[in-house]
Amino acid sequence: MPKLFRVVLRSALTSLVFFYGTSHSYGNCEAPAYREGRRVPNSASYVLLNISLRPENFAREKLICLASVLKEKYQGPVAAIKIFNSDEAALNYVSLGNEYANSAVLWASKLHAIYYSNIERHEEYLLLIPDGLSPSLDSPFNTRIDLPEKRKLQCKLQIRDRCLIEFDHISASKEYGSGAVTLTGQIMPDGTVSEVVVADPDANPLSSRIAVAEFATRNLRSWRFEPSLTKDEIRILYSVKQVDAPFEEGVDVRFSLPDRVDVQIGPVQMPK
Amino acid sequence: MYAFTSSGTLLWTVPNDTPQIATSDGGVIGSSGVEYDQYGNADGQTEIPSPSPGQSSPGWWPNWSGMSYSVTNSSNVQYEYLFSNLATGYASVAGANPSGTGTALLNIETDEGIPQWRYPLGSRDVPACLLVGANKVELGLGVRTPYNEEIALLYEEAKASLLSRGYLASLGCKALFTQNPNLAPFFNQLTSAISNQKAYDGLQSNISKYDAGVWAQQFLTIPGELEELRVTPVCWEFNRILGPWTGILAMAQFQPPKTDVYIWTGKENLSLLKQSTLLHEALHSLTGMGDATLYFVLTGKPLGRQPTHVISTFLANNGCAAN
C-alpha cells in the first residue's frame, strides 16, 4: 500500500472514530456510531440533546438498537434526543419556533428521528420523521415505534418494505397551478432515488405542465429510503390541486405509496 | 501551557510558555510571543520588543481596546502595540480582564476588532443567560448595553410614526387585507395591535420561552418541545455567543395576552428595525401564524429559505408601513 494512501486512510479512520465514536454492540444488535451535537442548557432533569448519524444508518433495526444505547447512556426522568443526518444540523439546530432565521430551516430539515422517554408517563418510543419540518407526533408522515420493540414494524410511508426516511417539505404555493404528472425512477441500494424522469410529458395543459413537473421531479429526487441490497423501480403520480377548502398552513399532502402523492393547496385554516 | 476541552480532557501541552491572550480564531498568544493555533501548533511569532538591558522580557499584555502592548523601556514608559482579535466569551485574557484583577468579564463581541466588555450575570450588564428566570426587561431599560437605548428609541419612533401617519389605513394596505379572506378579519385590529404592543429587550429577558408565550399550540405535539420551551430563556435564543442566535430580529407572543414582542438589541437592528417589523410581529400575535404561513397568506408563495424580514418588506411595499 503506498505510504501516502496509508496516511490518508489512517487519517480518515481517525476522523471517523473521533467524530462518530464507534458503533456499539447491544444484545444481538449493532447500534450505529453517532456524534453528539448541541445539548439544551438548564436541562438537569431533562436530557434534551441533538445527535447525528450517517444517512445510511437511518434504518429501523439500527435505530431501535441505538435507542437501547441512548436509554442506557442518557438517563433522566425525561429524555428527548433528536437524531439528524447532518453534523452541522445537530450542532446548530434550535426548535423552529414561530419565527426563525433562514439557516434554521435547513438544519430543521435534517431531523429524521426522535428518541423520547418519560419515566413518569411510562413512555418510550422512537419517532421516524421523513419530513424534518413536520416533527409532530400526529403528523401523517411519521411512524411511532413504541419501545422495547424487537419486530420490524411497518412504516407509514414505505415501498417494498423500505421505509421512506427523508423527503423535502412540501410547502403551499399558488405558483404550481393544478395538474398531475407521473414520474419514474429507481430506489438505489443506498436509499437515494435516481434516474427520475417524467413518464407523461404532455399530460397537463401547458400553463401548469412545467411548474407541476418541476415541483414533482425536485421533490421525488429528495426522497431517501432505507438502504437495501436491491434496486427498486418506482412509478409515482403526483397530483397537485388548487382548491377552496382550508388547510393548516394552506396545504394538505397525502402519500398513497407505492404509487401516488396528492397535494391540495387552499386557504390557510386559521390557528385556534 | 495546557489546553483542555470544555469537559476537562487534556487537549495539548506546550512547555515553557504561558497563555496570555485568547484570539478569536480559537488560538492563543503565549507570553513568549509565540502564536498558537487551536491545536497547539505554533503558527506565528509576534516580535516582542527588546527589553532594556538587564530587564527580562515582559511579553505582551492585552489592553481594554483589544490591542496588546509591551513595555520596551520601563524607565521611559515606552510601549509597542500589537493588534490582536480577542476571543469572545469569558477568560479571553490572562488575569480574567485586561487589568489582570481577577474579575472575570465577558467579551460579548468584537465590533470590528474592538471588544465589548460586560460584567457577568447579576451585575450591571447583559446577563449571561444560562438560567431561566422571571425577567421581562422593557426595551430601553435594564442595564445599558451597546445598542439597547438606540434600539429603544428606534422602536418608539417607528411605533409613533406607524400610528400617526396613516399607513395602516392607507388604500394599499386596506386592499391587501380586505381582499384576502385569511387577513380580512384582522384589518380593523391593526391599529390597536400596534398601540398595545409591548416591547422587551430580548437579550436581557430571561423568562422561559414557555412563560413568555412565544410558542404555538401545535409545537406541544413535538416530542420534547414542551420541556425545551420550559428550560430555554428567551435571551438564550437571542444570544450569539452562548446561544444559537443566527438572525432572529424579534419574537412575538402567540399566547394571551398576545401583546409582547422581544426585540434583538444587537447592532443589526439599528438598520433592520422598522415600522414594518412592528407590524410583522403584531400580525403573528393577531393571526397565530408563524413566518412561513404568514408569508404564504400574504404572497401566495412559499417562504422557503428567504430571510423572514421579506415579510416586513412586503408589508411596506403594499403601503402598510414606511419603506
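**Entry 1: the chain contact.** I began with where the two chains meet, keeping in mind that this is a predicted model. I found 40 residues of chain A and 44 residues of chain B in the contact.

**Entry 2: chain B as a whole.** I counted 10 helices and 14 strands in chain B. Of its 323 residues, 43% count as buried. I then took the contacts in chain B between residues at least 6 apart in sequence, and 54% of these join residues at least 24 apart.

**Entry 3: H8(B) and its helix neighbours.** How do the axes of H1 (residues 148-164) of chain B and H8(B) cross? They come within 8 Å and cross at roughly 80°. The range for roughly perpendicular is 65 to 115 degrees, so H1(B) and H8(B) count as roughly perpendicular to each other. From H1(B), I noted B:Ala158, B:Lys159, B:Ser161 and B:Leu162, which meet B:Gln275, B:Leu278 and B:Leu279 in H8(B). The residues of this contact are four nonpolar, two polar and one charged.

Next I checked H8(B) against helix H10 (residues 309-317) of chain B: the axes come within 8 Å and cross at roughly 110°. That makes H8(B) roughly perpendicular to H10(B). H8(B) brings B:Ser276, B:Thr277, B:Leu279 and B:His280 to this contact, and H10(B) brings B:Ile311, B:Ser312, B:Thr313, B:Leu315 and B:Ala316. By type, the residues of the contact of H8(B) with H10(B) are four nonpolar, five polar and no charged.

**Entry 4: a loop proline.** I looked up B:Pro256, which lies in the loop between S13 and strand S14 (260-263) of chain B. Is B:Pro256 buried or exposed? It counts as exposed, because it has 8 C-beta neighbours inside 10 Å, and the cut-off for exposed is 12 or fewer.

**Entry 5: the nonpolar cores.** The largest nonpolar core has 137 residues, and A:Ile81 and B:Ile263 touch the most other members. Leaving out residues up to four places away in sequence, A:Ile81 touches A:Val47, A:Leu49, A:Ile51, A:Leu70, A:Tyr74, A:Ile114 and A:Tyr115. A second, separate core has eight residues, among them B:Ile29, B:Tyr36, B:Ala87 and B:Val93.

**Entry 6: strand S16 of chain A.** I finished with S16 (residues 260-265) of chain A. Which residues make up its covered face? They are A:Val261, A:Val263 and A:Ile265, while A:Arg260, A:Asp262 and A:Gln264 form the uncovered face. S16(A) pairs in the parallel sense with strand S14 (residues 232-242) of chain A over six bridges, and A:Leu237 has A:Arg260 as its bridge partner. Strand S15 (residues 251-256) of chain A runs antiparallel to S16(A), joined by six bridges, with A:Ile265 as the bridge partner of A:Val251. A hairpin of three residues joins S15(A) to S16(A).

Definitions and conventions
Residues are numbered from 1 along each chain as its sequence is written. Chains are lettered from A and ligands numbered from 1 in the order in which they are written. This is a predicted model: local features need pLDDT of at least 70, side-chain atom pairs count only at pLDDT 80 or more; totals for chains, interfaces and linings use all residues. Two residues are in contact if their C-beta atoms, placed from the backbone, lie within 7 Å. A nonpolar core is a set of buried Ala, Val, Leu, Ile, Met, Phe, Trp, Tyr and Cys residues joined through C-beta atoms within 7 Å. A residue is buried if 20 or more other C-beta atoms lie within 10 Å of its own, exposed if 12 or fewer, and partly exposed in between; C-beta atoms are placed from the backbone. Helices (H or I, at least four residues) and strands (E, at least two) are DSSP runs, numbered from the N terminus. Two strands pair if DSSP finds at least two bridges between them. Axes are lines fitted to C-alpha atoms, for helices over the stretch in contact, and angles run from 0 to 180 degrees between N-to-C directions. Angles under 35 degrees count as roughly parallel, over 145 as roughly antiparallel, 65 to 115 as roughly perpendicular and the rest as oblique. Ala, Val, Leu, Ile, Met, Phe, Trp, Tyr, Cys and Pro count as nonpolar, Asp, Glu, Lys and Arg as charged, and the others, Gly among them, as polar.
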